[in-house]
Amino acid sequence: MKQLALDIGIATGPSFDAFFAGPNEAALRHLQLWVGGAGQAVPHSPVPTYLWGESGSGKTHLLESVRVALREQGASVGWLHAGLLEPPEFDERWGAVLLDDVHLYTAVQQHAAFNWFVNAQSLQRGVVAAGALPPADLPLREDLRTRLGWGHVFHLQVLSESERRAVLRQAADARGVMLSDDVLDFMLHRFSRDLGSLMELLTQLDGYALQTQRAITIPLIRSMLESE
């Protein structure tokens, strides 16, 4: 049976409303308040925020939610992630700088991130960063590592199985979809622990079930995977 590469985002796009906080409520509320002060494309506070936690804890979802919220307010942002091998120069029009997967940055990316950080701070622009490790353990140049850790730091936790189960059940109910306990067990134990990926799987299953005029069952899931 094929495995889905379930690292794709939620179909409706990342947003604060689509983020089930669970144990990460403090980080969510902090960022919501932070972007709430982002009038005139300048965030409320220039004090940096750093999110860390293992894969599936929601770091990138929250960063993307910040970007979406700022763009809705008319602000452009600088976005640096590990896949951007040649980062652009800092742009003074940016309302904020967002740095994702900082623990994976190359020397070139670290140089750019430090430059972006310093320029953002000098212009009283916000910085929100995320990585898999706490600031003290980041394998980065010292001047960047210490800057990432001097502001607000939040340790994000992966949702427990019971929390993920409750969210999936609620999302399915909202769609008018019946998920049996066996189907939920199969989804939770065979696929990514990342909630966004599980929600995307639910979206795919709902569409496939409608297309084939079948209820969502384990055989239906297997059939969908085999047809990929």
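Where does Gln213 sit in the chain? Gln213 is in the loop between helix 7 (195-212) and helix 8 (218-227). Here are my notes on the rest.

1. **What you are looking at.** This is a predicted model, where local features need pLDDT of at least 70 and side-chain atom pairs count only at pLDDT 80 or more, while totals for chains, interfaces and linings use all residues. Residues are numbered from 1 along each chain as its sequence is written, and side-chain values use heavy atoms, with hydrogens and water left out.

2. **The parts list.** You can pick out eight helices and five strands in the chain. Helices (H or I, at least four residues) and strands (E, at least two) are DSSP runs, numbered from the N terminus. Walk along the sequence and the pattern reads α-β-α-β-β-α-β-α-β-α-α-α-α.

3. **Overall dimensions.** Along the principal axes, the C-alpha atoms fill a box of roughly 60 × 35 × 30 Å.

4. Of the 228 residues, 46% count as buried. Buried means under 20% relative accessible area, exposed means over 50%, and partly exposed is in between (1.4 Å probe, protein chains only). The chain exposes about 10,900 Å², and carbon and sulfur atoms supply 51% of that area. The areas come from the Shrake-Rupley method with a 1.4 Å probe; for residues, only the protein chains shown count as cover.

5. **Who touches whom.** Take the contacts (heavy atoms within 4.5 Å) between residues at least 6 apart in sequence: 70% of them join residues at least 24 apart.

6. A search of the whole structure turns up three aromatic pairs. Phe90 and Trp94 make an edge-to-face pair, 5.3 Å centre to centre with 80° between the planes. Trp94 also pairs edge-to-face with Trp116, at 4.6 Å centre to centre and 65° between the planes. Because Trp94 lies in strand 3 (residues 94-99) and Trp116 in helix 3 (residues 107-122), this second pair ties together parts that are 22 residues apart in sequence. Phe90, Trp94 and Trp116 form one aromatic cluster. For the rules: rings of Phe, Tyr and Trp (its six-membered ring) pair if their centres lie within 6.5 Å, and planes under 30 degrees apart count as stacked, over 60 as edge-to-face and the rest as tilted.

7. **Buried or exposed?** Phe90 is buried at 14% relative accessible area, Trp94 is buried at 9%, and Trp116 is buried at 1%.

8. **Two positive phi values.** Most residues other than glycine have a negative phi. Asp101, in the loop between strand 3 and helix 3, has a positive phi near 55°. Gln213, from the opening question, also has a positive phi near 55°. Asp101 is partly exposed at 23% relative accessibility, whereas Gln213 is exposed at 70%.

9. **Arg175 and its partners.** Arg175 is in helix 5 (residues 161-175) and is partly exposed, with a relative accessible area of 39%. Leaving aside neighbours within four places in sequence, Arg175 is in contact with Leu202, Thr203 and Asp206. Arg175 and Thr203 are 28 residues apart in sequence and 9.3 Å apart in space, C-alpha to C-alpha.
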